[in-house]
Amino acid sequence: MAAAAEEAEFDNSLRLYTYRQVVATGKAPTVAQAAAEMGGSEAAVRAAYARLGESHAFMLTEKGELWRVAPFSAIPTPFPVESGGRTYYANCIWDALGVPAMLGQDATIPASCACCNLEMTLRVKAGSLLPHEGVIHVAVPARRWYEDVVFT
Amino acid sequence: MGRWCRQWKREQGGSFSLQQGWELARLWYGDRMSPKWRPFNAQEAQEVFAKVGLTGEFWSLK
């Protein structure tokens with residue numbers, strides 16, 4: 001029981017450390033960096049990320065490094081978000097909107113229409129999304145989103 | 001949307017407005033930096049979808 005509580009505490013601390021790193025630097029920490037900062041082994045950090053990944057919020061590459069720290073992407077994507085003087089990358093338009101929602105700060109999202117590349121720059125200001133024409137299309141039914149997260 | 005579906009040979013899925021997307025993002029990610037954050041269970045997630053008007057078969061998590 002105590003071990004489970006310690007594990008949960010470690011996972012939560014790692015989660016918060018990882019988010020703070022992404023917010024501060026625009027980049028996800030490597031497993032080695034996280035292990036050094038958290039005072040754990042790389043295996044322990046990887047196992048914790050795997051547990052955090054059960055909610056699909058954190059996901060690891062085949063090499064065992066973070067590629068998804070939802071709403072952020074650890075690798076560049078077509079969904080950049082400019083906020084607080086930094087450029088972040090999100091995994092999809094829902095996540096791109098999630099960045100200012102999470103940070104509680106203004107943002108510019110230089111998005112484009114998926115079918116015709118028409119520029120669709122979205123702006124969040126003082127807690128509101130400024131009006132803009134457009135719709136968000138989700139191709140995959142909700143129950144199948146995590147069968148192939150990259151495609152979804 | 002129709003053009004995208006034709007390009008990618010996909011059936012049209014679900015869609016919602018940008019404002020719905022913003023509300024969804026706020027509900028989904030608004031407390032993500034909180035030390036007390038925990039993931040939604042399926043029922044809670046479904047309730048969030050419903051709050052922003054995403055109901056019906058396409059948005060069902062079951």
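Predicted model: local features only at pLDDT ≥ 70, side-chain atom pairs only at ≥ 80, totals over all residues.
User: Hey, how many residues of chain B are in contact with chain A?

Analyst: Chain B puts 29 residues in contact with 28 residues of chain A.

User: Which parts of chain B supply at least two residues each to that side?

Analyst: Helix 1 (2-8), strand 1 (14-17) and helix 2 (18-29) of chain B each do. The largest share comes from helix 2 of chain B, with nine residues.

User: And how do the residues on that side of chain B divide up?

Analyst: You get 15 nonpolar, nine polar and five charged residues on the side of chain B that touches chain A.

User: Back to strand 1 of chain B. What joins strand 9 of chain A to it?

Analyst: Four bridges do, and strand 9 (residues 135-138) of chain A and strand 1 of chain B run antiparallel. In that pairing, His137(A) stands opposite Ser15(B).

User: OK, new topic. At what angle do helix 1 and helix 3 of chain A pack?

Analyst: Helix 1 (residues 2-25) and helix 3 (residues 42-52) of chain A pack at about 85 degrees, and their axes are 10 Å apart. So helix 1 of chain A is roughly perpendicular to helix 3 of chain A.

User: Which residues meet there?

Analyst: From helix 1 of chain A, it's Phe10(A), Asp11(A), Leu14(A) and Arg15(A). They meet Val45(A), Ala48(A), Arg51(A) and Leu52(A) in helix 3 of chain A.

User: How many of those are nonpolar, polar or charged?

Analyst: The contact of helix 1 with helix 3 of chain A has five nonpolar residues, no polar ones and three charged.

Note on methods:
Residues numbered from 1 in each chain as written. Chains lettered and ligands numbered in written order. Axes fitted to C-alpha atoms, helices over the stretch in contact; angles between N-to-C directions. Parallel < 35°, antiparallel > 145°, perpendicular 65-115°, else oblique. Contact = placed C-beta atoms within 7 Å. Nonpolar A, V, L, I, M, F, W, Y, C, P; charged D, E, K, R; others polar. Pairing = 2+ DSSP bridges.
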